[in-house]
Amino acid sequence: MTLDTLHKKEMKRILVTGATGNIGSEVIHYLSELNTEHKIIAGVRSIDRAEQQFSSYPNLSFRRFDFENADTFSAAFDAIDILFLLRPPHISEIEKFFRPLLESAKANGIRDVVFLSVQGAEKSKVIPHNKIERLIQELGLNSIFVRPSYFMQNLTTTLLPEIVERNTITLPSGKAKFNWIDVKNIGEATSKLILEFENYQNSSYVITGVENLNFKEVAELMTEVTGKKIKYRSVNPISFYFKKKKEGIQSGFAIVMTILHFLPRFQSEPAISDNYKMLTAKNPTTLRAFITREKSKLINANS
Ligand SMILES: NC(=O)c1ccc[n+]([C@@H]2O[C@H](COP(=O)([O-])OP(=O)(O)OC[C@H]3O[C@@H](n4cnc5c(N)ncnc54)[C@H](OP(=O)(O)O)[C@@H]3O)[C@@H](O)[C@H]2O)c1
């Protein structure tokens with residue numbers, strides 16, 4: 001066997017779903033930075049849009065992939081070795097969408113799946129991530145479950161319009177503490193897990209930051225760093241759900257948002273994990289550093 005064929009044998013094809021979103025784009029970024037030998041493929045609804053978004057990644061390939069269209073599965077999964085799978089926030093019907101998807105992945109020869117789950121997924125059978133984890137195991141696929149805590153980027157995405165328009169954060173969270181993690185840190189840790197799949201497979205990895213803070217504390221920190229007064233208002237979960245519906249958010253997503261922000265009131269504080277440091281030999285981003293980095297977004301429309 002020549003060196004060339006040996007190299008070709010080891011080359012793996014990695015399909016990244018949700019590639020254009022928060023997590024997927026960071027996974028693509030770190031996979032491209034850390035990896036020299038494998039082929040990275042973004043599975044996307046619109047190849048044209050994705051090509052524009054990733055114009056600075058010359059080695060990235062694209063395949064059409066739609067979670068809600070099973071006709072796209074076989075071609076997207078063809079000759080893939082590792083599937084990075086996430087659940088787009090609006091998809092909560094797991095049997096309808098994820099069973100056919102995972103069955104097709106298996107039928108097309110995929111054995112290894114890295115799934116972006118959520119911290120605590122193992123504790124609740126009703127949340128979609130728990131159902132997907134169990135489905136992956138039921139199908140006998142090799143798996144890595146990445147279970148991150150609460151994204152710092154929620155402040156610069158879903159919560160941002162209210163922050164910039166009204167200087168408030170309204171949630172049904174009371175004084176519950178959340179663990180805050182930078183999506184960049186998740187992308188980097190996940191890329192390590194993908195690239196060393198054999199070493200880490202058939203286990204789950206909680207990825208957290210170093211701080212458990214409630215929203216009052218976060219609003220105070222944002223006020224201090226941005227110089228703009230930001231107030232936290234806690235509301236009951238029913239009015240929160242209807243507020244989100246009124247804003248045009250789909251029922252499934254509004255329910256998940258309500259549960260995600262309300263349930264921690266009845267749970268103990270999130271456990272802090274050192275998996276990020278174990279995987280990258282670095283410390284995770286602090287919330288102060290994140291707010292400083294993203295300051296212009298947070299004050300933008302009001303300034
Ligand atoms: N927010 C948190 O604090 C938190 C914490 C832990 C875990 N999580 C989990 O993280 C996941 C969300 O990750 P994220 O923030 O990266 O999501 P995101 O930014 O909303 O990105 C969703 C991605 O899915 C793609 N997508 C949506 N519908 C699709 C379809 N029908 N076919 C193909 N692609 C489709 C989108 O592509 P387009 O560009 O085509 O729209 C986009 O790339 C959720 O499962 C959530 O529960 C969130």
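A backbone N or O atom of Ile23 sits 2.8 Å from an oxygen atom of the ligand. This comes from a predicted model. For Arg45, a polar side-chain atom is 2.8 Å from an oxygen atom of the ligand.

How much of the ligand does the protein bury? On its own, the ligand exposes 940 Å², and the protein buries 86% of that area.

## The shell around the ligand

The shell holds 25 residues. Those that come nearest are Thr20, Arg45, Glu68, Arg87 and His129.

By type, the shell residues split into 11 nonpolar, nine polar and five charged. Two elements, helix H2 (22–34) and strand S7 (150–151), each give at least two residues to the shell.

## A nonpolar surface patch

Which residues make the nonpolar surface patch? Ile255, Ile259, Leu263 and Phe266 form it, and the patch covers about 370 Å².

Ile259 belongs to helix H12, which spans residues 251–262. Is Ile259 buried, partly exposed or exposed? Its relative accessibility is 37%, so Ile259 counts as partly exposed. The partly exposed class lies between the buried limit of under 20% and the exposed limit of over 50%.

Note on methods: Residues are numbered from 1 along each chain as its sequence is written. This is a predicted model: local features need pLDDT of at least 70, side-chain atom pairs count only at pLDDT 80 or more; totals for chains, interfaces and linings use all residues. Side-chain values use heavy atoms; hydrogens and water are left out. A residue is near a molecule or strand if one of its heavy atoms lies within 4 Å of it. A polar contact is a pair of N or O atoms within 3.5 Å; within protein, one must be able to donate a hydrogen and the other to accept it, and residues adjacent in sequence count only if both atoms are side-chain atoms. Accessible areas come from the Shrake-Rupley method with a 1.4 Å probe; for residues, only the protein chains shown count as cover. Helices (H or I, at least four residues) and strands (E, at least two) are DSSP runs, numbered from the N terminus. Ala, Val, Leu, Ile, Met, Phe, Trp, Tyr, Cys and Pro count as nonpolar, Asp, Glu, Lys and Arg as charged, and the others, Gly among them, as polar. Patches are made of residues with over 30% relative accessible area and no salt bridge: like charges are joined within 9 Å, nonpolar side chains (Val, Leu, Ile, Met, Phe, Trp, Tyr) within 5 Å. A salt bridge is a side-chain nitrogen of Lys or Arg within 4 Å of a carboxyl oxygen of Asp or Glu. Buried means under 20% relative accessible area, exposed over 50%, partly exposed in between (1.4 Å probe, protein chains only).
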